[in-house]
Amino acid sequence: MVLANNITDTALIFEGGGMRASYTSGFLNTLLENGLYFDYVAGISAGASNTVNYVSRDPERAKKSFVDIVLEPEFGGWLSFLKGEGYFRAHYIYEETHSPDAALPLNFDTFMANPARVRIGAFEMDSSRMRYFTKDDINTVQDLVKIVRSSSTLPFFMLPTEFQGKIYLDGGLHSGIALDIAKKDGLKKFFVVLSRPRGFRKVPLKMPGLIKAYFRQYPHLVDAMLSCHEKYNQTLDELDELENEGRAFLVCPETMPVKNMETNYHKLLKSYQLGYAQGQRDLPQWEEFLGFK
């Protein structure tokens, strides 16, 4: 299998946002359907799933990952949370759905054959450091889905993920937007798919005392959680500057009809449809920035 990419000077970056990725997967599918193939793709949390679906060039899986998956009885919910299995049953969602006869078949061969450089960010719980996984860390499909799960593990609502002797939590605890690694890797232009409307900024987390008590054995993790809004907002400020310089294009939802923990199929389907429709309308602007016009 020989795959080629036609955008080699720009990083594609997918923000996370839980089930808000139902909307941004509509953007993803607009890119795929119009043959816009980036040679560098980075994502964190739900953006890690978008990264895998994009690199494996699978529009059907892109939609199913944040829409149809909620119809699966094993997906999760509050009953699952009360049982201690997490609001989202991460082991099922990431590690039991990728086979050909399961809910989210993953074309691992296509993913690995794609020459694009891949970066998936996860937060290491003990050291409170961000780790970006690459294809060099992936030997099997089990490695890949474990890395995506590591990147996507929401504190409180999902069980921490162990991979290669380390415990990981959601990469959003760092900033949630993989601009830092793209810059470190030498990219100068950035096409960034965000999951919040333009102008959004985060506020400090509520109930800091509860966070300090719950994670009292991990003081560095507590510090990271209580300051993550600052890192996130700083990244958005930097992206605004890059956009003003003509070096970044920010793809922002016109609206966001769902929250990160939404599980209603019909709301998620509508969210996907809105994202896809916006992508179709905005495509000429994307192509102009990317040099296709």
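## Helices α1 and α2

Ala21, Thr24, Ser25, Leu28, Leu31 and Leu32 of helix α1 are in contact (heavy atoms within 4.5 Å) with Ala46, Asn50, Asn53 and Tyr54 of helix α2. By class, this contact has 6 nonpolar, 4 polar and no charged residues; Ala, Val, Leu, Ile, Met, Phe, Trp, Tyr, Cys and Pro count as nonpolar, Asp, Glu, Lys and Arg as charged, and the others, Gly among them, as polar. The model is predicted, with local features requiring pLDDT of at least 70 and side-chain atom pairs pLDDT 80 or more, while totals for chains, interfaces and linings use all residues. Residues are numbered from 1 along each chain as its sequence is written, and side-chain values use heavy atoms, with hydrogens and water left out.

The axes of α1 and α2 come within 11 Å and cross at roughly 20 degrees. Axes are lines fitted to C-alpha atoms, for helices over the stretch in contact, and angles run from 0 to 180 degrees between N-to-C directions. The two helices, α1 and α2, are therefore roughly parallel to each other, given that angles under 35 degrees count as roughly parallel, over 145 as roughly antiparallel, 65 to 115 as roughly perpendicular and the rest as oblique. The crossing of α1 past α2 is right-handed; a crossing is right-handed if the near helix is turned clockwise from the far one by less than a right angle, and left-handed if anticlockwise. Helices (H or I, at least four residues) and strands (E, at least two) are DSSP runs, numbered from the N terminus.

## Helices α1 and α11

Helix α1 (residues 21-33) also meets helix α11 (residues 265-290), with axes that come within 7 Å and cross at roughly 40 degrees. That angle makes α1 oblique to α11, and α1 passes α11 in a right-handed crossing. On the α1 side, the contact includes Ser22, Tyr23, Phe27 and Glu33, and on the α11 side it includes Leu268, Tyr272, Gln278 and Trp286. The residues of the contact of α1 with α11 divide into 9 nonpolar, 10 polar and 1 charged.

## Helices α2 and α7

Helix α2 (residues 46-55) and helix α7 (residues 141-151) have axes that come within 7 Å and cross at roughly 150 degrees. Helices α2 and α7 are therefore roughly antiparallel to each other, and their crossing is right-handed. Ala48, Ser49 and Val52 of α2 make this contact with Leu144, Val148 and Ser151 of α7. By class, the contact of α2 with α7 has 4 nonpolar, 2 polar and no charged residues.

## Loops with positive phi

Ser128 lies in the loop between β3 (117-124) and β4 (129-133). Phi of Ser128 is near 55 degrees, which is positive in a residue other than glycine. Gln164, in the loop between β5 (161-163) and β6 (166-169), has a positive phi near 55 degrees and is likewise a residue other than glycine.

## The second largest pocket

The second largest pocket holds about 170 Å³ of space. Its lining comprises 13 residues, with Phe156, Met158, Leu159, Pro160 and Tyr214 nearest the centre. This lining has 10 nonpolar, 2 polar and 1 charged residues. On a 1 Å grid over the protein atoms alone, points are those where a 1.4 Å probe fits; a pocket is an open set with protein on both sides within 12 Å along at least five of seven lines, and lining residues have an atom within 4 Å of a point. Grid points are joined across faces, edges and corners, and a volume is the space filled by probe spheres set on the points.
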